[in-house]
Amino acid sequence: AGATDADEPPAAKLGLFYVESPDGRHRLELNGRLHLDGRFVPERDHDELDDGFQVRRARVTVNGKVAEHITFRMGLEFGRTSDADLRDAYVNVGYLE
């Protein structure tokens, strides 16, 4: 009997914010946070102030693992300056259990 598509494992597991190998040894995740400000002014004060909404800063983080023993993380923050700031970055190699 020949192999069919149903016999083959999927190429990758796809989640809402991650991709993972079928055996679970490799994984890539995407996370994020937003810090927001909103200002809503009563009608009587609209002559001096306006309603407003602002994204104060946004953080984007990518983390994952490679071959079960290597994990990594990199986080960028946008909003404090005109450029992105590197907030977190590491690679961890661990073979001891």
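**Entry 1: a residue in a strand.** I began with Glu-77, which I found in strand β5. This is a predicted model, so I keep that in mind throughout. Is Glu-77 buried or exposed? I looked up its relative accessible area and got 0%; the cut-off for buried is under 20%, so Glu-77 counts as buried.

**Entry 2: what surrounds Glu-77.** Next I asked which residues Glu-77 is in contact with, leaving aside its neighbours within four places in sequence. My list reads Arg-57, Ala-58, Arg-59, Asp-83, Ala-84, Asp-85 and Arg-87. One of these, Arg-59, has a side chain that makes a polar contact with the side chain of Glu-77, at 2.3 Å.

Entry 3: I then turned to β5 itself, which covers residues 70-78. It pairs with β4 in the antiparallel sense, and I noted nine bridges. Across this pairing, Asn-63 stands opposite Arg-73 of β5. The two strands form a hairpin with three residues between them, and there I found Ala-67 with a positive phi near 55°.

**Entry 4: the other pairing of β4.** How many bridges link β3 and β4? I noted 13, again in the antiparallel sense, with β3 spanning residues 27-39 and β4 spanning residues 52-66. As an example, I wrote down Asp-37, whose bridge partner in β4 is Gln-54.

**Entry 5: out to the surface.** For contrast I picked Phe-17, which sits in the loop between β1 (13-14) and β2 (18-20). Why do I call Phe-17 exposed? Its relative accessible area is 53%, and exposed means over 50%, so Phe-17 qualifies. I also found Phe-17 in a nonpolar surface patch, together with Leu-16, Leu-30, Val-60 and Phe-78. Together these residues have about 510 Å² of accessible area.

**Entry 6: stepping back.** Finally I looked at the whole protein chain. I counted six strands and zero helices, and from the N terminus on the elements run β-β-β-β-β-β. Of its 97 residues, 10% are buried, and Glu-77 is one of the buried residues. The chain exposes about 8,000 Å², with carbon and sulfur atoms supplying 52% of that area.

Terms used: Residues are numbered from 1 along each chain as its sequence is written. This is a predicted model: local features need pLDDT of at least 70, side-chain atom pairs count only at pLDDT 80 or more; totals for chains, interfaces and linings use all residues. Side-chain values use heavy atoms; hydrogens and water are left out. Helices (H or I, at least four residues) and strands (E, at least two) are DSSP runs, numbered from the N terminus. Buried means under 20% relative accessible area, exposed over 50%, partly exposed in between (1.4 Å probe, protein chains only). Accessible areas come from the Shrake-Rupley method with a 1.4 Å probe; for residues, only the protein chains shown count as cover. Two strands pair if DSSP finds at least two bridges between them. Patches are made of residues with over 30% relative accessible area and no salt bridge: like charges are joined within 9 Å, nonpolar side chains (Val, Leu, Ile, Met, Phe, Trp, Tyr) within 5 Å. A salt bridge is a side-chain nitrogen of Lys or Arg within 4 Å of a carboxyl oxygen of Asp or Glu. A polar contact is a pair of N or O atoms within 3.5 Å; within protein, one must be able to donate a hydrogen and the other to accept it, and residues adjacent in sequence count only if both atoms are side-chain atoms. Contact means heavy atoms within 4.5 Å.
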